[in-house]
Amino acid sequence: MYKKLAVHIVKPLTFLFNFILQSGYVPSDWLRATVVPIFKKGAAANVENYRPISLTCTACKIFESTVKTKLLTFFATNNLISSNQHGFLARHSTCTNLLETFNDWTSNLNACKETVVVFIDFAKAFDCVSVPKLLFKLEKFGVCGNLLVCIKSLLTGRTQRVRVGQSMSQTRPVQSGVPQGSVLGPLLFLLFINDVSRFFSPSAKCKLFADDLKSYVAASDNSNQVNVSLLLEAITDWSLTWQLPLSPSKCNWMIISNRLPSQTLSFTLAGCCLQQTDEVKDLGILFNSRLGFDSHITNIIVRAKQRIFLLKRSFVYSNSSVLVKGFKTYVLPILEHCSPVWSPSAVGDILRLESVRRSFTKSLPHFDKLSYAERLCKSGLCSLERRRLCADLVLFYKLIHKLIESDLLSSITFEPSRTRGNSLKVKHLPARLNLRLNFYTVRTIRVWNTLPEAVVCSDSVDSFRRALCDINFSKFLIFE
């Protein structure tokens, strides 16, 4: 309705928003939310396995969008948001978060160093934010005047009710937290958790994606126990100071090494013993303590085949073009989520992944007697291996042209050649281990340096992606 009536309501909305900013107070209707529980994972009967999403007034969301845009510009200009944060920010993603961490971990292994990683979970993080302390932090950032009063008005005096099906609960006051489902809420949470790593020791690094925190310490000696204990003490102290409770039962730690453990380690967080794990799922990617992705590949293959089965059952008539479009829409996202992070180098894993598209195209009507290459050509598809390679190159293009923000760029050295290669040729990175040789930047450089000048200097990401379609990558691929 707002989009269709935009021309007619833009003027009254402008008057309303200006009046709110001048007075510092928002309408009381904007403070009422209907909460819809969204299932996350685990037992469906457990209420803690649901995410509370607040449905608020649309006009309020438009107003929050204007405020958020100005705040983001202010924080970016003054470089106030931590570079370790990758959640809810432009030019950041789960992929940039994971690539930066795996870059550090593989570099440590290549330098004969072990890495101890702790995965921290905050209990109901968005709902437990202390509003007075959040406002205190905003004021320290430089947010003041009527805007600060306005944000305070948005966060205090809120009420909510829960809707399940057609049933509504009674209305209850909201004592703390930022509403999930609002426009401004995620940014306010990022600002609240922004300084969590400020008191970490110099030996510790961390990466954040909203409230998902992982911190790690690398060492080539027996100092892991002391360094990690200091790190956990700093996290506990920050949690107590800012009243954002931890969930120790959901926290764990892992030691990343390609050798047998030389010592027995144990850690405690908030008085509870942390559990060690050999395999963890972080931001949708499953990996083990040797940075292997076998379980992840097996998992996505199973999920993709289940989705293909459901896709075929959903259509009474088997139309090839419709099924192919359904495959692109519902199956490819499973097979390609953060593929630059885990893209396999082993022939067996490449064949296993390719078998998903191979079996799907063979089941299409009148495709069973064609070869795999002919089936791909007839359906207008390409191999999954080629798609992963193109995804690597597109991300590398964004990295080189600074369309994304990542510290990976600091490890890249340009080496332009006048006789061969392109003007954006990158120096090959040395590596001792195959694990490091197969890491994203190292493996992608080999292909990037072979691209023509006109391709690497494309005007946009779309033109670069289109230019890749005409390049022969047969010497880098099993399935071209």
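**Exercise 1.** Determine which element gives the largest share of the lining of the second largest pocket in this predicted model, and then describe the pocket's lining by element and by class.

*Solution.* Begin with the share of each element: helix α14 contributes eight residues, which is the largest share of the lining of the second largest pocket. Next, take the pocket itself, whose volume is about 680 Å³; its lining comprises 25 residues, and those closest to the centre are Arg387, Cys390, Ala391, Val394 and Arg465. Two or more lining residues come from each of α3 (94–110), α10 (332–336), α11 (339–342), α14 (384–400) and α18 (461–468). Finally, sorting the lining by class gives twelve nonpolar, nine charged and four polar residues.

**Exercise 2.** Identify the strands that are joined to β9 by bridges, giving the direction of each pairing.

*Solution.* Consider strand β3 (residues 114–120), which is joined to β9 by five bridges in an antiparallel arrangement, with threonine 115 standing opposite isoleucine 256 of β9. Then consider strand β12 (residues 275–276), which runs parallel to β9 and is joined to it by two bridges; here tryptophan 253 stands opposite glutamine 276 in β12.

How values were computed: Residues numbered from 1 in each chain as written. Predicted model: local features only at pLDDT ≥ 70, side-chain atom pairs only at ≥ 80, totals over all residues. Heavy atoms only, no water. 1 Å grid on protein atoms, 1.4 Å probe; cavity = no way out; pocket = protein on both sides within 12 Å on 5 of 7 lines; lining within 4 Å. Points joined across faces, edges and corners; volume = space filled by probe spheres on them. Helix = DSSP H or I, 4+ residues; strand = E, 2+ residues; numbered from the N terminus. Nonpolar A, V, L, I, M, F, W, Y, C, P; charged D, E, K, R; others polar. Pairing = 2+ DSSP bridges.
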